[in-house]
Amino acid sequence: MSLVDLYVKEVGQHLPAASREDIEKEIRTLIEDTLDDEAGTLGRPIDREMTVDVLKRLGSPQKMAARYLPERYLIGPRLFPQYLTVLKIVLAVVSIVVVIGLAVATGISPDRGVSFVEMFRSVVTGLIEAVFQAAAIVTIVFAVLEYAQPNIKLTEERWDPLTLRAQTDSERVSLVGGALTVLFTLIFALVLNFYPEWMSIWHFNDNGEWLHTPLLAEVFFRNYLPFLNVLWAAEIVKEIVLMARGRWIPSLRWADVAINLATAVLAAIMLTGPAIIAIDAVSFNDMGWGSVDASTVQALTNGLQIAARITIGIIMGVSLIEMGKGLYRIVEERRMLAAA
Amino acid sequence: MEQSELVDNLVQELRRGVITLAVLSQLQEAQYGYSAMKLLADRGLEIDQGTLYPLLRRLESQGLLESTWRLEETRPRRYYVISERGRMILPLLREEWTKMIETIEPLLMGDPTPGEPATESGREEDESR
């Protein structure tokens with residue numbers, strides 16, 4: 001294989017398949033034309049030295065191929081500042097939560113032989129893992145947004161300075177807020193679906209082995225999680241579309257109302273259904289925290305069940321309020337549109 | 001960034017748009033990549049091959065040039081020529097170029113048009129676009 005063949009083939013390696021053959025063919029003839037001309041000028045036949053010289057002037061195959069390709073970004077300059085902001089917030093939150101969580105979990109029974117070094121090691125490895133996962137999720141979310149950017153451009157082309165006054169605060173969309181919603185929804189969904197053991201109380205047994213007692217009951221995962229997954233997926237899609245559009249539009253408002261309504265209904269079902277906290281007197285005693293009397297255990301487990309129901313109640317209340325706000329804004333925005 | 005590197009980058013930015021204009025103006029008759037480069041070089045505009053060839057394709061994908069493969073001397077060559085759309089757009093670009101020179105030259109010479117500060121006319125240019 002000649003040097004020119006090798007060069008052309010190498011350029012082709014860095015080009016998309018659809019245009020590869022055509023560009024390869026073109027570059028080959030261009031190199032051959034240059035070589036012919038060079039040979040004519042120098043008055044000697046084409047040789048290796050001449051070929052090397054011509055290829056050097058063309059530049060490395062990677063550089064040559066890059067010139068044929070449009071600039072592409074995983075996250076472009078437009079979204080990059082928001083990406084950095086979100087990344088910093090998420091990494092800070094994740095770091096704090098993980099460090100505190102792991103330190104508490106590891107140090108919970110210091111008399112059972114966990115040295116400081118051991119605790120430090122587990123906190124550091126846990127932190128590194130969590131930080132990488134969080135950073136990956138942030139990056140994926142923004143890459144999806146970057147991909148959805150044609151929509152952002154469309155709204156920008158129609159942008160008119162006069163709309164600045166008409167656009168109310170309620171219509172405005174915060175990219176950072178939206179990205180954080182998507183991220184924390186994703187992280188929460190991933191934990192419950194793939195790492196349910198994280199929602200546990202960790203402890204040692206008498207043999208010094210790590211054990212975890214699930215916080216959430218089987219019924220939660222079986223009866224409610226599939227519906228929650230659908231709601232979270234809908235929420236994520238809504239937020240991404242919202243960020244891509246850059247402002248609230250009626251269809252997104254209705255989607256938001258529907259998600260809030262569904263959340264409130266699901267919360268109501270969970271409130272009237274069986275207990276979702278798995279901790280009871282038996283599992284509490286299994287944790288081996290020793291000398292707690294039966295009535296205290298009973299009070300603690302009851303307290304946990306009540307706290308869970310209060311949380312669900314709050315979620316239901318907030319969803320209903322948000323739904324009401326959404327409906328109010330639909331009416332309000334329609335009225336404003338009619339007035340304009 | 002080294003000063004020479006910075007200057008190189010700035011010069012490249014300056015040249016980028018100008019090269020497009022130059023290429024469009026010289027492709028009234030069909031040329032293949034190498035002949036186009038020679039033609040421009042003969043007229044004093046040196047463009048390296050790695051810049052010119054991808055540019056020809058990009059202009060074609062924008063509909064400003066058309067291309068056809070022709071077999072010559074046992075070698076197939078892709079010939080580029082200005083398209084109908086390119087012919088319509090070229091005079092508009094030429095006009096912009098002339099305006100730009102008229103605006104920028106006095107700025108560089110420190111010699112604004114009498115009675116009209118250079119910055120003002122520059123701003124008007126920007127706003128009208």
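Let's start with Glu26 of chain A and Arg78 of chain B, whose side chains meet in a salt bridge, with 3.4 Å from N to O. Please keep in mind that we are looking at a predicted model. Why might such a pair form at all? In general, side chains of opposite charge can pair when their charged atoms come close.

Now find the two ends on your screen. This pair crosses between chains: Glu26(A) sits in helix α2 of chain A, residues 17-42, while Arg78(B) sits in strand β3 of chain B, residues 75-82. Are these two residues buried or exposed? Both Glu26(A) and Arg78(B) are buried.

In chain A, Lys325(A) forms a salt bridge with Glu322(A), and their closest N and O atoms are 3.1 Å apart. Where do they sit? They are in helix α13 of chain A, residues 294-339, and because they are 3 residues apart, about one helical turn separates Lys325(A) from Glu322(A). Lys325(A) is partly exposed, at a relative accessible area of 36%, and Glu322(A) is partly exposed too, at 30%.

Lys99(B) bridges to Glu96(B), with 3.7 Å between the closest N and O atoms. Again the spacing is 3 residues, about one turn, this time in helix α4 of chain B, residues 84-109. Lys99(B) counts as partly exposed, with 30% relative accessibility, and Glu96(B) is partly exposed at 24%.

Salt bridges with shared partners link Asp22(A), Glu26(A), Arg57(B), Glu60(B) and Arg78(B) into one network. And how many salt bridges are there over all chains? The count comes to 21.

β3(B) is mostly covered, as 6 of its 8 residues are buried. Which strands pair with it? One is strand β1 of chain B, residues 31-32, which runs antiparallel to β3(B) and is joined to it by 2 bridges. Another is strand β2 of chain B, residues 65-72, also antiparallel, with 8 bridges to β3(B).

If you trace the chain between β2(B) and β3(B), you will find a hairpin with 2 residues between the strands. In that turn, Glu73(B) has a positive phi of about 45°.

Finally, let's go back to chain A for some helix packing. Take helix α9, residues 175-194, and helix α10, residues 218-245: their axes come within 10 Å and cross at roughly 160°. Angles over 145 degrees count as roughly antiparallel, so α9(A) and α10(A) are roughly antiparallel to each other. The crossing of α9(A) past α10(A) is left-handed. Which residues make the contact? On the α9(A) side they include Leu175(A), Val182(A), Phe188(A) and Leu192(A), and among those they meet in α10(A) are Phe220(A), Trp232(A), Ile236(A) and Met243(A).

Helix α11 of chain A, residues 250-272, has an axis that comes within 8 Å of the axis of α13(A), crossing at roughly 155°. That makes α11(A) roughly antiparallel to α13(A), and α11(A) passes α13(A) in a left-handed crossing. Remember that α13(A) is the helix holding Lys325(A) and Glu322(A).

Key
Residues numbered from 1 in each chain as written. Chains lettered and ligands numbered in written order. Predicted model: local features only at pLDDT ≥ 70, side-chain atom pairs only at ≥ 80, totals over all residues. Heavy atoms only, no water. Salt bridge = Lys/Arg side-chain N within 4 Å of Asp/Glu carboxyl O. Helix = DSSP H or I, 4+ residues; strand = E, 2+ residues; numbered from the N terminus. Buried < 20%, exposed > 50% of the residue type's maximum accessible area, 1.4 Å probe, protein only. Pairing = 2+ DSSP bridges. Axes fitted to C-alpha atoms, helices over the stretch in contact; angles between N-to-C directions. Parallel < 35°, antiparallel > 145°, perpendicular 65-115°, else oblique. Left-handed = near helix turned anticlockwise from the far one by under 90°. Contact = heavy atoms within 4.5 Å.
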